[in-house]
Amino acid sequence: MTETEKQLLKIIADMEGEPKGAYNIRANGALRARATTNNIDIRTKEDKPGIDIIIKSGTKGETVHIPVIIEATGLNDLVYNDFIIGDDVDVTIIAGCGIHNAGHMESRHDGIHAFFIGKNSNVKYVEKHYGEGDGTGGKNMNPTTIVNLGEGSHMEMETTQIKGIDSTSRVTKATVGKDASLVIKEKIMTHGTQNAETDFTVDLNGEGSSANVVSRSVAKDSSTQTFKSCVNGNNLCHGHTECDAIIMDNAKVNAIPQVNANHIDAALIHEAAIGKIAGEQLTKLMTLGLTEAEAEQEIISGFLK
Amino acid sequence: MLELKNICFSAPTDNGVKEILKDISLKIEDGFTAITGPNGGGKSTIAKIISGVYKPTSGKIFLDGVDITDYSVTERAKAGISFGFQTPVKFKGITVNDIIRIASGRDITVSDACDYLSQVGLCARDYIDREINASLSGGELKRIEIASVLARGTKVSIFDEPEAGIDLWSFGSLIKVFERMHEKIGGSIIIISHQERILDTADNIIVLSAGKLKAYGPKSEILPDLYDSMNNTCKVLSDSMKEVTV
């Protein structure tokens, strides 16, 4: 493994050396390393690129790392990863993609992740996207996440686009079953002329289901962002969607939150706030000895923490 | 020592430009100095002029003989001026730990944070990871604001109405904070306040009224006159002041 690859793995999956538990490392469009456990199996798909991650019912306290790293310029990597998760499971899945593109052609990763989660399971999914490299070639990522959440299950998705991704279109579609709950926390920072679009659709189908979709983003320079979130309340349920963005320089941010109540007992809330950094926040930190630029950096890091 | 020479400050209002500070000249020595006077008299403005948040329209400010009039907020902070806001600023995501770390200028442990937070009656373990946002009460925010000034440990510290909103935490404890601060760091502690118990701890008192320096001197000289003038102005106000101070 090259030093760059090691560094990318550290940034996107907090991995140093071989991770504990099951893992599948994909580098430059091919399998680099894999490990399975008694409870977690990882199989290469036969009909299309990608893997099946199969987690047995009753699996508790295990983690799965499935990072993707790309160092080749001009690579267009498309994968389909399916997570088949049983009942009474408690696992953490750490995904993420890091691109180092030093060339002049586009490097792109489109990951299509589908989760099929059984009953009374608890899944934490952490995904970080990061791009670097001096080349003029684009570093683009277009993840699609499909979630089917079974009765009484809970899923928490934390997705972070740290920096360096030129273009991203993130699509998330979730179906939430009876007494199941979904929490999505998205963090995005764009700079330069980058463009980021996120599009969430959550169907609260089960009685007692709930969803909380929260996006925090910072748009710098001349970057553009579009946040779309649609929560459909189709039963007795609670839904909340929130977009909070800091806009800087010449950036543009669009927030389009939508809630649709299709049931008398659907309780839905949407919130969206876009604004520049408050002057008094900068002043306060400057009275503590920071320069304006340092104060701005602290406010952004805190906001996206 | 902090010195203000012929400080004037004007700001635009709906009815034209208003003079908020009118030719203020004074020297603030080490020790406790309280600034008091009626609302709208220019107390908060002078604090903002000293900390650099506002630029004076004319006049000069000196810190230990150095002209700091053109220093920015950051430069003044680095030169040794701290400012506890009357209304603490709320953030999104910035934690109590972050603010103490930034204020102290170094990475801090829970025990370091405890040194500052315990002085303002907060348990570091409960608060260090709390975000400085609306989930904290006004009193909690105010105490964290005071702790951030303590963590700086500079030679000049200005507190704008530090007692406002402080709940279930006695004035006595607040006064002890200032006393301990003075023992440890020395320097000038400038407190804007209306409260007699705070004024009573001051070495010197500045009275600002309608943007003018009405009186400045040792507490023993200023306080009696201050209460007399209050008795002469409005009976309702002086009665309510008595109730507060009893």
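Is B:Glu161 buried or exposed? Keep that in mind for a moment. What you see above is a predicted model.

Now the answer. B:Glu161 is buried, because 21 other C-beta atoms lie within 10 Å, and the cut-off for buried is 20 or more. Where is B:Glu161 placed? In chain B, in the loop between strand S7, residues 156–160, and helix H7, residues 171–185. Its backbone deserves a look too. Phi of B:Glu161 is near 45°, a positive value in a residue other than glycine.

A:Asp88 sits in the loop between strand S7, 76–85, and strand S8, 90–100, of chain A. A:Asp88 counts as partly exposed, because it has 16 C-beta neighbours inside 10 Å.

Stay in chain A for one more residue. A:Glu62 belongs to strand S5, residues 60–65. With 19 C-beta neighbours inside 10 Å, A:Glu62 is also counted as partly exposed. What does A:Glu62 contact, leaving aside neighbours within four places in sequence? The contacts are A:Gly21, A:Ala22, A:Thr37, A:Asn39, A:Ile40 and A:Val91. A:Ser210 is 148 residues from A:Glu62 along the chain, and their C-alpha atoms are separated by 25 Å.

Next, the two chains together. How many residues of chain A are in contact with chain B? There are 17, and they meet 20 residues of chain B. On the chain A side, helix H2, 279–287, and helix H3, 292–303, each supply at least two residues. H2(A) gives the most, with seven residues. By type, the chain A side divides into six nonpolar, six polar and five charged.

Just after H2(A), A:Gly289 takes a positive phi of about 105°.

How do H2(A) and H3(A) meet? They pack at an angle of about 115°, with their axes 9 Å apart. The crossing of H2(A) past H3(A) is right-handed. From H2(A), the contact uses A:Gln281, A:Leu282, A:Leu285 and A:Met286. From H3(A), it uses A:Glu292, A:Ala295, A:Glu296, A:Glu298 and A:Ile299. The residues of this contact divide into five nonpolar, one polar and three charged.

H1(B) is mostly covered, with nine of its nine residues buried. Those residues are B:Lys43, B:Ser44, B:Thr45, B:Ile46, B:Ala47, B:Lys48, B:Ile49, B:Ile50 and B:Ser51. Just after H1(B) comes B:Gly52, with a positive phi of about 95°.

Now a helix pair in chain B. Helix H3, residues 96–104, packs with helix H6, residues 138–152, at an angle of about 30°. Their axes are 7 Å apart. H3(B) and H6(B) are therefore roughly parallel to each other. H3(B) passes H6(B) in a right-handed crossing. Who meets whom? H3(B) brings B:Val96, B:Ile99, B:Ile100, B:Ala103 and B:Ser104. H6(B) brings B:Ile144, B:Ala147, B:Ser148, B:Ala151 and B:Arg152. Seven residues of this contact are nonpolar, two are polar and one is charged.

In soluble globular proteins, nonpolar side chains tend to be buried together. Which residues have the most contacts inside the largest nonpolar core here? They are B:Ile100, B:Ala147 and B:Ile191, in a core of 87 residues. H6(B) gives the most to this core, with seven residues. Take B:Ala147. Not counting residues up to four places away in sequence, B:Ala147 touches B:Ile100, B:Tyr116, B:Leu117, B:Gln119 and B:Val120.

One link to finish on.

Technical notes: Residues are numbered from 1 along each chain as its sequence is written. Chains are lettered from A and ligands numbered from 1 in the order in which they are written. This is a predicted model: local features need pLDDT of at least 70, side-chain atom pairs count only at pLDDT 80 or more; totals for chains, interfaces and linings use all residues. Axes are lines fitted to C-alpha atoms, for helices over the stretch in contact, and angles run from 0 to 180 degrees between N-to-C directions. Helices (H or I, at least four residues) and strands (E, at least two) are DSSP runs, numbered from the N terminus. Angles under 35 degrees count as roughly parallel, over 145 as roughly antiparallel, 65 to 115 as roughly perpendicular and the rest as oblique. A crossing is left-handed if the near helix is turned anticlockwise from the far one by less than a right angle, and right-handed if clockwise. Two residues are in contact if their C-beta atoms, placed from the backbone, lie within 7 Å. Ala, Val, Leu, Ile, Met, Phe, Trp, Tyr, Cys and Pro count as nonpolar, Asp, Glu, Lys and Arg as charged, and the others, Gly among them, as polar. A nonpolar core is a set of buried Ala, Val, Leu, Ile, Met, Phe, Trp, Tyr and Cys residues joined through C-beta atoms within 7 Å. A residue is buried if 20 or more other C-beta atoms lie within 10 Å of its own, exposed if 12 or fewer, and partly exposed in between; C-beta atoms are placed from the backbone.
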